[in-house]
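I opened the notebook to look up a few local features, one at a time. Backbone first, then a helix, then rings.

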Amino acid sequence: DGTQVFLKTTDSARKAMIELDTTVVQNGTFSFSGAADIPQLNYIFIDGIRGNAPVIVENGTISFKAQKDSLSFVALKGTLQNDLFMTYLEESRTLSAMSRSMNEEFRRANAPGNRDSAVIQSLREEYLELQERGNTFEKDFVEEHPNALISALILEKILANKTLPVSEVSALYESLTPEIKESRPGKRLAE
């Protein structure tokens, strides 16, 4: 109790954090209030705790649950955008865990005195399949959720990483809802 909580966003160049609002924890909870015309990705910072937690600010009541030592593993629910965001994050975390596990297996198979060419080749093939699953997952997510702010953010990432041709990114952008096209990432994609 008494700890300050900050709601921040990035500037238009996405380099600096801008403070939008501040509140104080009381009885283990905090709240921000206001209206949001268009969903926007913001970040919650808690005084004295390292890191931040992403949250999509939109009209409605958003439940925010996190542990002090792991803000990045926040649980958000209560609004459409945050529910979709959590769906995306959960699958992304699953894919990341699988990747870490494969890397550990690859390290063990490649250890001096334990080198197993057959296992190494098998792991390489599995890893390539996992990479493809990751790329497919993001494209499929955008196709299935054109009303999700995270879809516009995924398209920005795909464009920056050049994992899909620009023509495919353009087609996916065109499928986004008008509300998402009006969001900050939607407008950046239109440029």
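This is a predicted model: local features need pLDDT of at least 70, side-chain atom pairs count only at pLDDT 80 or more; totals for chains, interfaces and linings use all residues.

I then went to lysine 162. Phi is near 55° here, again positive and again in a residue other than glycine. Lysine 162 lies in the loop between helix H3 (149-161) and helix H4 (166-175). I noted it as exposed, at 70% relative accessible area.

Next I checked helix H2, residues 117-144. How far should its 28 residues span at 1.5 Å a residue? I got 40 Å, and the end C-alpha atoms are 40 Å apart, so the two agree. I listed the buried residues of H2, among them Ile120, Leu123, Gly134, Glu138 and Phe141. The buried residues of H2 pack against helix H1 (80-109), H3 and H4.

Then the rings. I counted 5 aromatic pairs. For phenylalanine 30 and phenylalanine 32, the centres are 5.9 Å apart and the planes stand at 75°, so I put the pair down as edge-to-face. Phenylalanine 30 is partly exposed at 25% relative accessibility. Phenylalanine 32 is partly exposed, with a relative accessible area of 25%. Phe30, Phe32 and Phe64 form one aromatic cluster.

Last, charges over rings. The charged end of lysine 8 sits over the ring of phenylalanine 6, 5.6 Å from the ring centre. I found lysine 181 over the face of tyrosine 173, at 5.2 Å from the ring centre.

Key:
Residues are numbered from 1 along each chain as its sequence is written. Side-chain values use heavy atoms; hydrogens and water are left out. Helices (H or I, at least four residues) and strands (E, at least two) are DSSP runs, numbered from the N terminus. Buried means under 20% relative accessible area, exposed over 50%, partly exposed in between (1.4 Å probe, protein chains only). The expected span of a helix is 1.5 Å times one less than its number of residues. Contact means heavy atoms within 4.5 Å. Rings of Phe, Tyr and Trp (its six-membered ring) pair if their centres lie within 6.5 Å; planes under 30 degrees apart count as stacked, over 60 as edge-to-face and the rest as tilted. A charge sits over a ring if NZ of Lys or CZ of Arg is within 6 Å of the ring centre and within 35 degrees of the ring normal.
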